[in-house]
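Visitor: I would like to learn how to read a few features of a structure with you, taking each idea in general before turning to the case at hand.

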Amino acid sequence: MTTYSPRRRASTDNSFLAGLQKRLPDILPPVIAIAIFLAIWQLFSLTPGATLPGPIKVIQDTWILIFWPFYDRGGTDKGLFWQIWASLQRVAISYTLAAIVGIGLGILIGTSKVMSKALDPLFQLLRTVPPLAWVPISLAALRQNEPAALFVIFITAIWPILINTAVGVKEIPSDYNNVAKVLQLTKKEYFFNILIPAALPYIFTGLRIAIGLAWLAIIAAEIVMSGIVGIGFFIWEAYQNNNVSEVILALIYIGIVGLLLDKLMAWIQTLILPAEQK
C-alpha cells in the first residue's frame, strides 16, 4: 500500500523550482519579447485607419479554429490540424524524394569532375528559379493539383541538398583518400567508411536548409492551387473571404511548424553525426 510522504513531495517541489529557476534566464527574454511584440501589435491595431486586427481580435474571431482543430465537415472545410497534416504529408513525400535524388546526384557530381563540369551550370541556373515560378510549369506538365504541388516542393528542396552534398564530397581531406589508397579499400568500403562519414556534416546542412524551403514551397504551391486540403489553400480561401484573422492565425501555425521541423532535423543530426563533427 502506497503511503503519502510529505518529505518526498517537498523534495520533488524543490527540485522542480530549482530547475525552473535555472532555466529562467533562457525562458524570460523570449517571453518578454513576445509580450512586447503583442502589445505593440495591439496598439497599432487600435490606431485610426488600421486595417489589420490586433491579437485580441484575432483570438475572438478564430477561437473555434484554436480550440477545435480536429473538426471535419467534408471537402476542404476542415480544422487546422487536418490542414497542416495534409501539408506535412506532401512535404514528407517530396522532401524524402528530394533527399534521395539530391544526395545521389551530389555524390555523383562530387566524385566526377566531368559530371560536375557538365551539370553544374544547369543546376546553378535551375536553383535560382523561385518556387512560385514552378507552379504553372508543373500544372501544365502534370495536369493535376496534387502531383503538381509535390513537384514544386521537390524541385525547391533538392538544390541545397544536392549542392551541399557535392561540396562535402569534394572537401574530403586528401589524407583520407591517401589512406584509402594505401589500405586498398574497395569502392564499397571507401563509400561507407570514408565518403559518407566525411560528407555527413555538409549533407545535414543541406537537409536542414531544404526542410525550411520545402515548408515554404508547400505554402506557395497550395495558395495558387484550388481544391486542395492544406494550410496554404486555407490561407488563400480565408483571404478570398476577407477573414484576415484566420490568415494571421494560420501564419502563426506555419511559423510554429517550420520551427519544429528545423528543431527535428537538428535533433536527428545530433543523433547521427559523431561528436567531433557536430
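Visitor: Does Arg 90 count as buried or exposed, and at what relative accessibility?

Guide: This is a predicted model, in which local features need pLDDT of at least 70 and side-chain atom pairs count only at pLDDT 80 or more, while totals for chains, interfaces and linings use all residues. Residues are numbered from 1 along each chain as its sequence is written, and side-chain values use heavy atoms, with hydrogens and water left out. In general, buried means under 20% relative accessible area, exposed means over 50%, and partly exposed lies in between, with a 1.4 Å probe and protein chains only. Arg 90 has a relative accessibility of 6%, so the residue counts as buried.

Visitor: In which helix does Arg 90 lie, and with which residues is Arg 90 in contact, leaving aside its neighbours within four places in sequence?

Guide: Helices are DSSP runs of H or I with at least four residues, strands are runs of E with at least two, and both are numbered from the N terminus. Arg 90 belongs to helix H3. Contact means heavy atoms within 4.5 Å, and with neighbours within four places set aside, the contacts of Arg 90 include Glu 146, Ala 149, Ile 218, Glu 222 and Val 229.

Visitor: How many salt bridges does the structure hold, and which side chain meets Arg 90 at 2.5 Å, N to O?

Guide: A salt bridge is a side-chain nitrogen of Lys or Arg within 4 Å of a carboxyl oxygen of Asp or Glu. The structure holds six of them, and in one the side chain of Glu 222 meets that of Arg 90 at 2.5 Å, N to O. This pair links distant parts of the chain, with Glu 222 in helix H8 (residues 187–223) and Arg 90 in helix H3, 132 residues apart. Both Glu 222 and Arg 90 are buried.

Visitor: Where does the salt bridge of Arg 208 and Asp 262 lie in the chain?

Guide: Arg 208 forms a salt bridge with Asp 262, and their closest N and O atoms are 3.0 Å apart. Here too distant parts of the chain are linked, since Arg 208 lies in helix H8 and Asp 262 in helix H10 (residues 244–272), 54 residues apart. Arg 208, with a relative accessible area of 27%, is partly exposed, and Asp 262, at 25% relative accessibility, also counts as partly exposed. Elsewhere, salt bridges that share partners join Arg 90, Glu 146 and Glu 222 into one network.

Visitor: By about how much of a helix are Lys 57 and Asp 61 separated?

Guide: They are four residues apart in helix H2 (residues 55–67), so about one helical turn separates Lys 57 from Asp 61. Their salt bridge has its closest N and O atoms 3.4 Å apart. Lys 57 counts as partly exposed at 41% relative accessibility.

Visitor: What span should the 14 residues of helix H4 have, and where in H4 does a kink lie?

Guide: The expected span of a helix is 1.5 Å times one less than its number of residues. Helix H4 (residues 113–126) should therefore span 20 Å, and its end C-alpha atoms are 20 Å apart, which agrees. The bend at a residue is the angle between axes fitted to the seven residues ending there and the seven starting there, and H4 has a kink of about 40 degrees at Leu 119, shortly before the proline Pro 121. Ser 116, Leu 119 and Phe 123 of H4 are buried, and what covers the buried residues of H4 includes helix H3 (80–111) and helix H6 (145–170).
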